[in-house]
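Subject: A structure for you to explore

Hi there,

Here is the structure I promised to send you. Have a look at it first, and then read my notes below.

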Amino acid sequence: MADVRSLAAARTLREPGKRMRSRLLDAAVGLFKAKGSAGVAVAEIAAAAGAYPSQVTYYFRTKEALFVEAACREVLYVARQAEVAAAGARSGSDYNRRLVETVIGSPGLALFVEALSLTRRRQDLAPLVERTFERLHAEGDRAYAETRKSRGWAGGEDAATTARRFWTLALGVALREGATEATVAEAVEEMIALLRHQPARKAGAA
């Protein structure tokens with residue numbers, strides 16, 4: 001009985017911490033989307049979350065760690081929105097367009113691109129990014145495999161390869177869009193054209 005009470009007490013103590021972390025992430029995302037990582041101070045994030053600056057460092061250690069975690073969370077949200085948007089597609093081309101139009105130009109993808117650049121200088125943050133890629137690929141693999149099976153689509157790359165190719169192209173197109181004067185509409189059409197160009201299959205491949 002004592003063990004049960006101890007576990008219940010521990011959960012009670014953890015819940016406020018989870019809520020505060022979530023509040024800080026929510027507040028940070030809005031500020032980061034508006035100003036980018038460099039333009040936001042820890043004090044601003046704390047004020048927007050109704051917290052103290054010391055709570056930001058307590059839960060996340062540094063602003064950079066908070067930024068990367070927020071960006072990773074946001075790109076997973078974007079992936080989920082894209083899956084929902086593409087669920088009603090009746091053809092492979094329509095499926096691709098719905099995915100691309102949801103992902104390209106989204107603030108969440110732009111944050112993730114910035115987080116990748118930051119992680120090159122902060123290798124201690126790399127494991128979170130790696131886990132996020134694993135989630136993106138696994139969820140994309142699952143969603144595409146389920147859709148292809150339910151629609152009876154045949155041919156093309158396997159689902160796992162398609163998911164990885166999609167996110168590799170999306171990140172590349174988003175990076176180029178951010179570094180040039182390309183519009184979102186132009187970036188969308190560029191990515192759709194890239195997806196349409198399927199790599200040649202090796203001789204003897206199944």
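A term to start with: two residues are in contact when heavy atoms of theirs lie within 4.5 Å. Please keep in mind that this is a predicted model, in which local features need pLDDT of at least 70 and side-chain atom pairs count only at pLDDT 80 or more, while totals for chains, interfaces and linings use all residues. Residues are numbered from 1 along each chain as its sequence is written, and side-chain values use heavy atoms, with hydrogens and water left out.

Now for the overall picture. The protein has nine helices and zero strands; helices (H or I, at least four residues) and strands (E, at least two) are DSSP runs, numbered from the N terminus. Of its 206 residues, 37% count as buried, meaning under 20% relative accessible area with a 1.4 Å probe and protein chains only (exposed is over 50%, partly exposed in between). Among contacts with a separation of 6 or more, 68% join residues 24 or more positions apart.

Leaving aside neighbours within four places in sequence, Ala27 touches Ile45, Ala48 and Ala49. Ala49 is 22 residues away along the chain, yet the two C-alpha atoms are separated by 5.4 Å.

In soluble globular proteins, nonpolar side chains tend to be buried together. Beyond its neighbours within four places in sequence, Ile104 is in contact with residues including Leu109, Val188 and Met191.

Finally, how do helix 6 and helix 7 pack, and at what angle? Helix 6 (residues 107–121) and helix 7 (residues 126–151) pack at about 140°, with axes 10 Å apart. Axes are lines fitted to C-alpha atoms, for helices over the stretch in contact, and angles run from 0 to 180 degrees between N-to-C directions. The pair is therefore oblique: under 35 degrees is roughly parallel, over 145 roughly antiparallel, 65 to 115 roughly perpendicular, and the rest oblique.

Enjoy exploring!
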